Amino acid sequence: MAWTQYLRIGDADVYSLTDGQFRLDGGAMYGSVPKVLWERGAPADDLGRIRLRINPLLIRLGGKNVLVETGFWDQGGEKFEGMYAVDRDETVFRGLSDLGLAPDDIDLVVNTHLHFDHAGRNVTLTGEPTFPNARYVVQKQELHDAQNTHERSRASYIPGYIDPILDAGLFDVVEGEHELLPGLSVLPLPGHNLGQQGVVLRSGGQTLVYAADLLPTLAHAPYPYIMGYDLYPVTTLETRKRYFPQWFEEGAVIATPHDPDVAFARLEAGKKGGFTAVALP
């Protein structure tokens, strides 16, 4: 069954696409949460890895095609792909093609951050920008951090999909909240790293949020379910406490980057405070 799912949000057409599946260590994905709790909904393989998906989002608004995330780095080689159990059961390109779109038709790319599982398809196999007619929107902090890595962050960034966009002058570097189109904005969501941004669409009295790795899967909605991969976990908690109540009150549709089974959800009040996330009916 094709992954691509569709929602109408006011004047915008929204499509959840996929660039396939991969696996990451379950303990790292759930941080301090005990395995006995997280494995109920995310069973691990014999290497302790859980199944995830890469879920870019296409937003068509005001005659523009906006792609949020580009996909998983595809030039790491056999060892790299084996480490992450990459399964390209579908690709972002196939999803676009099914909608009658080619890479040349994309007007804006939003890089929520520049990790290889989010921005890896920024360039082609020959090192050219994959979406040559698009501007690539990234936070200034994130671009700086991607170019000045340290021992905790270095493995997540690969210059091969960053430098060609820089060299081509295609990055639109923004600071803080920034409107891309009427009703469509990027919003800083620090914690996973300092320069992460989400995407907020408000149209026709409806709201949709692409939450980036502030909420990697629906199972991560409870406040303590913070990834071990987050460089600033307390900042993640503070960002969640700032925005989750707002998104709940608005009845916002939430799209996550890595839920393996669900494209769109909403937050619900948790029994012990905080929130859970449930798939749209």
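Okay, Arg135: this residue is partly exposed, with a relative accessible area of 30%. By that I mean between the two cut-offs, where buried is under 20% relative accessible area and exposed is over 50%, using a 1.4 Å probe and protein chains only. Its side chain meets that of Asp172 in a salt bridge, 2.9 Å from N to O. For a salt bridge I want a side-chain nitrogen of Lys or Arg within 4 Å of a carboxyl oxygen of Asp or Glu. The two residues sit 37 apart in the chain, Arg135 in strand S8 and Asp172 in strand S9. Asp172 is partly exposed too, at 28%.

Quick word on the source: this is a predicted model, so local features need pLDDT of at least 70 and side-chain atom pairs count only at pLDDT 80 or more, while totals for chains, interfaces and linings use all residues. Numbering runs from 1 along each chain as its sequence is written, and side-chain values use heavy atoms, leaving out hydrogens and water.

How many salt bridges does the structure hold? There are 12. One of them joins Asp19 to Arg88, with the closest N and O atoms 3.5 Å apart. That pair spans 69 residues, from the loop between strands S2 and S3 to the loop between helices H3 and H4. Helices here are DSSP runs of H or I with at least four residues, strands are E runs of at least two, and both are numbered from the N terminus. Asp19 counts as buried at 1% relative accessibility, whereas Arg88 is partly exposed at 25%.

Then there's Arg51 with Asp261, where the closest N and O atoms are 2.8 Å apart. This one links parts of the chain 210 residues apart: Arg51 is in strand S4, and Asp261 is in the loop between S14 and S15. Arg51 is partly exposed, at 32%.

Let's move on to helix H6, residues 140-147. Which of its residues are buried? Those are Glu142, Leu143, Asp145 and Ala146. Seen down the helix axis, they fall within an arc of 165 degrees, so they line one face of H6. The arc is taken from the directions between the helix axis and the C-beta atoms. As a reminder, an α-helix has 3.6 residues a turn, so residues three or four places apart point the same way. The buried residues of H6 pack against strand S8, helix H7 and strand S9, and S8 and S9 are where Arg135 and Asp172 sit.

Next, strand S11, residues 184-188: 4 of its 5 residues are buried. S11 pairs in the antiparallel sense with S10 over 3 bridges, and with S12, also antiparallel, over 5 bridges. Pairing means that DSSP finds at least two bridges between the strands. S10 and S11 make a hairpin with 2 residues between them, and Gly183 in the turn has a positive phi of about 90 degrees.

Last stop, Leu267 in strand S15. Is Leu267 buried or exposed? Leu267 counts as buried, at 6% relative accessibility. Leaving aside residues up to four places away in sequence, Leu267 touches several others, including Phe244, Trp247, Phe248 and Ile254, where contact means heavy atoms within 4.5 Å. Ile254 is 13 residues from Leu267 in sequence, and their C-alpha atoms are 7.6 Å apart.
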